[in-house]
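Subject: Structure handover

Hi,

Here is the structure I promised to pass on to you.

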Amino acid sequence: MAGHHNNRNDSSQMSAILQHEDLCKNCKKEKIEQEKEQNSKDVTSEASSSSSSSFPSSSFSSSSTSSRPSGNGDVRDRHVERDEPVPTQRQDDAPSCCQLDDLKRLPQCQSKLGRLTFSGSHTVLIDVLAFNQRAGLRPLKGRDLWHSNFVKMPCSSHSVTIVKSPVFKNPTQTSRWEVISKNLGSLAKKTSVDVDDVAEAIMKYNQKYKDKWSFDALASFVKAVPKTENYFDKLFPKIAALALKLPDYVQKAIPLLQRGHTSSITLSQVQISCLLANAFFCTFPHRNTSTPNSEYHNYPTINFSSLFGIWSDRKKEKLRAIMHYFKVVTDEHTKLRGLVTFERRYLRDTDKPDWKSSKSTMPKLFVSCGDIETEGEGMLQVDFASSWIGGGVLGSGLVQEEILFLMNPELIVSRLFTEKLGDNECLIITGSQQFSGYCGFGDTFEWAGPRDDHHRRDDWDRLQRQILAIDALHFKHRRDQYTLNNVTRELDKAYCGFKSHGHSEPDIATGKWGCGAFNGDPQLKAVIQLMAAAKANRGVAFFTFRDEHLKQGLEQTYNLLVAEGITVGKLYGLLKNFCAEQRSDGFHLDLFEFIKNSVRCSRSLL
Ligand code: APR
């Protein structure tokens, strides 16, 4: 199944990446043309340039007649495909947009958290009393639970394996952790370990997969990295030693964050590093098959076997990021002293907004061509997620979510206990640390070396970084998204993540959520996120990732919506009409034009 996800992601990711790269080229080309045009305009009198954009007819109440007067006095047939960029508007033409500094960020907006506490829905894996007395981070004592509501731990006494015994004729059953300890223990004692040693050890306690798993990618990776940067033979033993600390570091059963429940887990960065070291050495039992009736078929994979298998250039850069993480966390000078919280949120039907009657007006909006993680520091940063959290991070996926998880590898541990997200669910991670930097995207992605994380920590010693994982719908055909049901599903999904929970929370840093591998319409997704943020009463910083065209169109549309005091309810009605028209047409309707035209129509009707 894991491979299945990756394959699906691969093809749609490829088109997303090509689209993205084309965009970059187009963006540059457009920018040059616009500058030339601007220069010529400065020299000659104001040209009466008219955009050849189509103005699809529309109105809030119903679909409309064939053509409408456009903003510049020309009548445009609504079916003419817009083939020129939206007329450039200077930044000061969009007075409604705010500045980035007008938006709320951590730590400024953080309210006092107070003492670390646990509850029936919030499990803390460290000793809370000791933590609150500043006596350090100690694993909370507890008992192993070999139960369907908890993670089945590799070191559990219930985890057994069959081994051939030199003494007894028949194979005997033995503790699987004993076999793991023996093999990883011998690796840990060596000063230098090669990939064959790693593979041999892993297969000793995963014999069922000896003809299925390969370590080509790991072997090719170690060969490909220049000797000067090649510290892996010394690193493998340290990762093995870290993995073997599991019984000491994690003593309390880890609950699964299951579908339909709001629940959370707080654990230390050290505990996360130990769990990930076990994932690296593929020790988690029952996590290697995803056949429909297997126990964890509704959970993402966690063992790194899929990362070590099939070689590709992508794997080289991915493994560089992963190995760097382990190099840091196994370094004796590193002091991992923080906590991380993983919170699954479930939006009950009774909490869903009544979108068609909402009187909320537009939230604060800042738009830039940048990216979320750079300019959106301190804000609730949206992970363009898969419902299988982390997507193809352990496979060949390499777009926004996988890159985020490679730069912040602690996020990968969410795959151990987070069931596939339902339509009304999201995952919020508070406190993950950034270990690396990157450049490029998809096939051009490159690990760009270590990064120090300068974020401050909150009262619970969590780095003040909040990531919101929400999975958009994946549209095989672009047209499929234009139904009110699908629009409402995306509104509810975004609202589930954006909804405030009491304390004054940071505003939202997002972008083209669902508009790459998942084939969404960037304009529609931008409007949907604005509506959800309006309802959640939170501001939005929208990063178009070098898409200048989208930036301009969004600013102009937002300006209009603010000037006209358009409510979320009105916008919902407009989207209903837009979807109806989109489906009835053979041509793509441009939502921003549709909104502009609809507002004009309703203004003329008044
Ligand atoms: N900041 C802002 N925008 C970004 C960033 C970033 N750091 N990275 C990428 N983008 C823009 C790009 O333009 C990209 O095409 O977001 C667009 C959508 O990114 P995708 O990752 O393709 O998101 P989506 O379409 O939601 O696909 C989600 O891909 O990564 C997997 O696991 C994920 O299966 C899920 C699917």
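**The chain as a whole**

Please keep in mind that this is a predicted model. The chain has 606 residues, and 56% of them are buried. DSSP runs give 18 helices and 15 strands. Of the contacts between residues at least 6 apart in sequence, 77% link residues at least 24 apart.

**The ligand**

- E373 places a polar side-chain atom 2.8 Å from a nitrogen atom of the ligand.
- Q400 has a polar backbone atom 3.0 Å from an oxygen atom of the ligand.
- C515 also has a polar backbone atom by the ligand, 3.3 Å from an oxygen atom.

How much of the ligand's accessible area does the protein cover? On its own the ligand has 700 Å² of accessible area, and the protein covers 99% of that.

**The nonpolar cores**

In soluble globular proteins, nonpolar side chains tend to be buried together. Here the largest nonpolar core has 88 residues. Those with the most contacts inside this core are I202, I254, L275, F281, F304, F326 and F417. Take L275 as an example: leaving out residues up to four places away in sequence, L275 touches M153, L246, V250, I254, L267, F284, V413 and L416. Another core lies apart from the largest one; this core has 65 residues, including F366, C426, A532 and F542.

**Helix α4**

Is helix α4 largely enclosed or largely open? Seven of the ten residues of α4 (residues 195-204) are buried, so the helix is largely enclosed by the rest of the structure. The buried ones are V195, D197, V198, A199, A201, I202 and M203. I202 is also among the residues with the most contacts inside the largest core. At the start of α4, a side-chain oxygen of D194 comes within 3.0 Å of the backbone nitrogen of D196.

**Residues in loops**

The loop between α8 and α9 holds T283. T283 counts as buried because its relative accessibility is 0%, under the 20% cut-off. Its side chain makes a polar contact of 2.8 Å with the side chain of N278. Not counting residues up to four places away in sequence, T283 touches P154, R176, I180, L184, Y205, N278 and N303.

G120 sits in the loop between β2 (75-77) and β3 (122-124). With a relative accessibility of 87%, G120 counts as exposed. G120 and S264 are 144 residues apart in sequence, yet their C-alpha atoms are 9.6 Å apart in space.

L589 belongs to the loop between α17 (568-584) and α18 (591-605). At 3% relative accessibility, L589 counts as buried. From L589 to C579, ten residues away in sequence, the C-alpha to C-alpha distance is 9.2 Å.

**Backbone geometry to check**

Most residues other than glycine have a negative phi, and most peptide bonds are trans.

- The peptide bond from L106 to P107 is cis, with omega near -5 degrees; P107 lies in the loop between β2 and β3.
- R134 has a positive phi, near 55 degrees. R134 is in the loop between α2 (128-132) and β4 (160-163) and is exposed, with a relative accessible area of 57%.
- H286 has a positive phi of about 65 degrees. H286 is in the loop between α8 and α9 and is partly exposed, at 40% relative accessible area.

Happy to talk any of this through.

Best wishes

Methods:
Residues numbered from 1 in each chain as written. Predicted model: local features only at pLDDT ≥ 70, side-chain atom pairs only at ≥ 80, totals over all residues. Heavy atoms only, no water. Polar contact = N/O pair within 3.5 Å; in protein donor to acceptor, adjacent residues only side chain to side chain. Areas by Shrake-Rupley, 256 points an atom, 1.4 Å probe, with all protein chains shown as cover. Core = buried A, V, L, I, M, F, W, Y, C linked by side-chain atoms within 4.5 Å. Buried < 20%, exposed > 50% of the residue type's maximum accessible area, 1.4 Å probe, protein only. Contact = heavy atoms within 4.5 Å. Helix = DSSP H or I, 4+ residues; strand = E, 2+ residues; numbered from the N terminus.
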